[in-house]
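Let's take a walk through a protein together. Have a look at the structure first, and then we will go through it step by step.

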Amino acid sequence: MSQQTTAAVSGHYIGGEWTDASDSATFESENPATGETLSTFQRGTEDDVDAALEAAQEAFEDWRSLSYIDRAEYLWEIYHELRDRHEELGEIVSKECGKEISEGKADVTEAWHMVEWAAGNARHPHGDIVPSEIAGKDAYMRRKPRGVIGCITPWNFPVAIPFWHMAIALVEGNTVVWKPAEQTPWCGQIIAEMFEDADIPDGVFNMVQGYGDAGAAITDDERVDTVLFTGSAEVGHEIAGKVGGEPGKLAACEMGGKNGIIVTENADLDIAVHSAVMSSFKTTGQRCVSSERLIVHTDVYDEFKERFVEIAEDIAVGDPLEASTFMGPAIEADHVAKIRTHNELAREEGADILVNRFELEADEIPDGHEDGHWVGPFVYEIDYDPDLRCLNEECFGPHVALLEYDGDIDRALEVHNDTPYGLAGAIISEDYRQLNAFRDRADLGLAYANLPCIGAEVQLPFGGVKKSGNGYPSAREAIEAVTERTAWTMNNSEEIEMAQGLSADITTNED
């Protein structure tokens with residue numbers, strides 16, 4: 001089991017073996033806080049993906065023939081390893097993706113929670129008994145695995161989200177081909193080693209490291225029955241468009257958001273400011289559920305703005321391994337450039353800049369971390385206009401707009417819903433009628449009241465609406481994506497009787 005993977009170039013896990021790539025190309029994992037290389041990995045090709053899919057397809061029939069409980073036993077081994085290595089793996093997550101250390105550890109905790117949920121679900125009832133019109137018939141709803149599941153996961157939750165996808169897919173009887181994010185291959189390596197340690201049958205779990213071309217080779221292959229994807233809207237929509245044209249194939253995509261928090265005139269401002277800061281700046285704004293729009297009633301706007309800005313100007317940016325850090329670095333140089341572009345766009349569209357810590361002062365960057373990908377909070381206020389790009393395009397960074405509104409909850413919801421996305425959001429109010437209006441009418445998949453709009457629990461579905469996806473990739477809803485339903489009806493009588501009064505009599509010309 002690798003503690004530090006810099007000693008050798010790591011390959012892929014295919015058919016129960018560690019294999020070298022078919023090509024000599026390699027890529028590196030980088031610590032975004034320091035710029036240092038953590039490890040080197042072989043870059044997967046279409047040939048590597050082909051081998052992984054062949055192994056998964058060959059393993060499927062034997063794997064599906066096991067009971068739910070027997071399949072779950074392999075995951076219980078991984079559950080215990082995730083718990084035993086919590087501190088170590090949390091630090092690796094923070095090193096490789098830049099999340100501050102409590103978030104790195106929480107990523108691992110969420111992973112074992114998902115494994116626990118999926119493996120424990122193996123002993124719960126499956127399927128439904130459906131009453132038949134005919135007393136002599138039994139009717140059931142049964143599920144069966146779809147086959148080979150292709151999993152494409154993002155860098156910002158490099159341990160948790162792979163298990164959102166794979167734990168359920170495997171317990172339900174499918175085999176898996178997984179491509180981790182190219183920014184976090186070290187975490188991918190460790191997860192693959194866990195499956196190897198668990199002695200999962202050859203070909204049931206397969207991992208190919210690499211870039212988007214390897215992911216495309218997985219999603220485009222006719223042997224893949226379901227694609228589970230979490231990542232950008234651009235890539236997710238491309239996948240969904242391709243897969244949607246293939247009969248019998250399914251794509252379950254969870255993508256980004258331009259998430260909003262409504263702060264009404266009836267808000268507790270202590271809760272409002274706390275929730276907004278958490279939602280805007282945790283993970284340096286690099287969560288699909290991060291809030292980039294704060295929609296605040298005019299009666300409380302000035303006080304909220306003053307308090308939010310004061311904290312944003314002083315939020316602790318620093319070494320993600322230090323407990324005193326609230327915000328770590330951005331993931332990579334290209335993403336820093338993307339955040340800069342969004343900040344400049346807001347300025348061009350007329351924003352009044354309230355906080356601009358995009359380029360941190362030299363004394364804010366930790367010693368020895370000068371080559372890291374550092375950004376700070378960027379906060380602005382702007383008059384609401386539905387045509388503003390800065391209010392409709394996801395930045396995926398600490399880029400936050402304050403929008404003042406006047407009127408009732410209907411107006412707040414109008415502004416909130418005026419975005420092509422619909423993933424997560426929150427309302428802060430002490431008025432239960434306002435809370436219920438948000439619950440029922442906000443266009444989103446994840447709704448929170450008097451809370452940040454981050455922090456999903458694994459037993460709840462995770463996903464959005466509109467441009468944000470279809471809500472399948474986690475917990476109970478993922479079962480829908482990786483299984484097919486069969487309505488099974490059995491006759492217990494010695495005669496045939498049909499529903500709806502349909503005659504079962506057979507007549508011939510002689511009659």
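Why start with an area? The size of an interface is often given as the accessible area lost when the parts come together. On the domain 1 side, Ala 33, Glu 100 and Trp 155 stand out: these residues supply 23% of the area that domain 1 buries against domain 2, more than any other three residues.

Before going further, please keep in mind that this is a predicted model. To find the two domains in your view, look for domain 1 at residues 10-254 + 467-486, and for domain 2 at residues 257-455. Notice that domain 1 is written as two stretches of the chain. The C-alpha centres of the two domains lie 31 Å apart. Where the domains touch, 24 residues of domain 1 are in contact with 28 residues of domain 2.

Now for the links across this interface. Side chains of opposite charge can pair when their charged atoms come close. Two salt bridges are found across the interface of domain 1 and domain 2.

Which helix gives the most to the side of domain 1 that touches domain 2? Helix H3 (86-97) and helix H4 (101-121) each supply at least two residues of that side, and H3 gives the most, with five residues. The residues on this side of domain 1 divide into seven nonpolar, eight polar and nine charged.

Stay with H3 for a moment. Lys 95 and Glu 91 both lie in this helix, four residues apart, about one turn of the helix. They form a salt bridge, the closest N and O atoms being 3.5 Å apart. The whole structure has 28 salt bridges.

Finally, how confident is the prediction? The protein averages a pLDDT of 94, and 98% of the residues score at least 70. Over residues 1-6, however, pLDDT stays under 50. Where pLDDT is low, the predicted coordinates should not be read in detail.

Methods:
Residues are numbered from 1 along each chain as its sequence is written. This is a predicted model: local features need pLDDT of at least 70, side-chain atom pairs count only at pLDDT 80 or more; totals for chains, interfaces and linings use all residues. Side-chain values use heavy atoms; hydrogens and water are left out. Domain bounds come from an automatic or database domain assignment. Contact means heavy atoms within 4.5 Å. Buried area is the accessible area (1.4 Å probe) that two parts lose on being put together, summed over both. A salt bridge is a side-chain nitrogen of Lys or Arg within 4 Å of a carboxyl oxygen of Asp or Glu. Ala, Val, Leu, Ile, Met, Phe, Trp, Tyr, Cys and Pro count as nonpolar, Asp, Glu, Lys and Arg as charged, and the others, Gly among them, as polar. pLDDT is the predictor's confidence in each residue, from 0 to 100.
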